[in-house]
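This report walks through a single chain, element by element. Keep the structure in view while reading.

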Amino acid sequence: MTERSEINNKKELSPEQREELLRTLKARFEKNMNRHKGFDWADVQARLEVHTEKLWSLYEMERTGGEPDVVGHDHQTGEYLFYDCSAESPKGRRSVCYDREALESRKAHKPENNAVDMAAAMGIELLTEEQYRELQQLGNFDTKTSSWVQTPDKIRKLGGALFCDRRYDTVFVYHNGAESYYAARGFRGSLRV
């Protein structure tokens, strides 16, 4: 069994992986202060050290190209909100249809996975349309790619799913058949810690 599959099964990181992840998150946090004005890394790290079970999900976000960063703080719960902040939809999560039902409905040329199941396996949630728009206030994301977002049940029951991107300095929300997949479409996730 490889080290990676052991980590995925246990959902635990080695001490070295933890330290590397924390260094990466701290460097990204300090480089992108516009995403979290008034926040202090020491407070974020203290929260991460109390909720170490969330580190595995952040590691998976990082491993798949999401470049997670702090974008908010819930003052009632004390939780910090992490979003995938990679410039384009995370490379390790592209070419996926929307959910398992969509994947199973394909007769031929099935993608390897789907966004909803991948997010659940990582312990994260797909961004909502509102969260996606909030992210776009912090920079220009998905100018060449697109990202699946949580789709209302009414649309999903009719066979559709929603995705977003940024073109012409504007955030667009589109629809597609949930079973569709493209090399330039993935998904972005959120995690509360």
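## Helix H7 and its cover

In this predicted model, helix H7 covers residues 129–136, and its buried residues are Gln131, Tyr132, Leu135 and Gln136. Viewed along the H7 axis, these buried residues stay within an arc of 145°, so they line one face of the helix.

H7 lies across S4, S5 and S6. Its direction makes an angle of about 145° with S6.

## The four-stranded sheet

S4, S5 and S6 also belong to an open sheet of four strands, in the order S6-S5-S4-S7. The pairing is mixed. S6 and S7 (185–187) stand at the edges with a single partner strand each, so one side of each has no neighbour in the sheet. On average, neighbouring strands are turned by 35° against each other, direction ignored.

S4 and S7 pair in the parallel sense, over three bridges. Ser147 has Gly186, in S7, as its bridge partner.

## Helix H2

H2 has 17 residues. At 1.5 Å a residue they should span 24 Å, and the end C-alpha atoms are 24 Å apart, which agrees.

Which residues of H2 are buried? They are Gln17, Leu21, Leu22, Leu25, Arg28 and Phe29. Down the H2 axis these fall within an arc of 130°, so they line one face of the helix. The face turned away from that buried side carries exposed residues: Pro15, Glu16, Arg23 and Lys31.

## Nonpolar cores

In soluble globular proteins, nonpolar side chains tend to be buried together. Here the largest nonpolar core has 33 residues. Val44, Leu48, Leu58, Phe82, Trp148 and Phe187 have the most contacts inside this core. At least two core residues come from each of the helices H2 (15–31), H3 (41–50), H4 (55–63), H5 (100–105) and H6 (115–122). The strands S2 (80–84) and S5 (160–167) each supply at least two as well.

## Contacts of Leu58

What does Leu58 touch, leaving aside its neighbours within four places in sequence? Leu58 is in contact with Leu21, Leu25 and Leu48, among others. Leu21 and Leu25 are buried residues of H2.

Terms used: Residues numbered from 1 in each chain as written. Predicted model: local features only at pLDDT ≥ 70, side-chain atom pairs only at ≥ 80, totals over all residues. Heavy atoms only, no water. Core = buried A, V, L, I, M, F, W, Y, C linked by side-chain atoms within 4.5 Å. Buried < 20%, exposed > 50% of the residue type's maximum accessible area, 1.4 Å probe, protein only. Contact = heavy atoms within 4.5 Å. Arc of directions from axis to C-beta. Expected span 1.5 Å × (residues − 1). Pairing = 2+ DSSP bridges. Axes fitted to C-alpha atoms, helices over the stretch in contact; angles between N-to-C directions.
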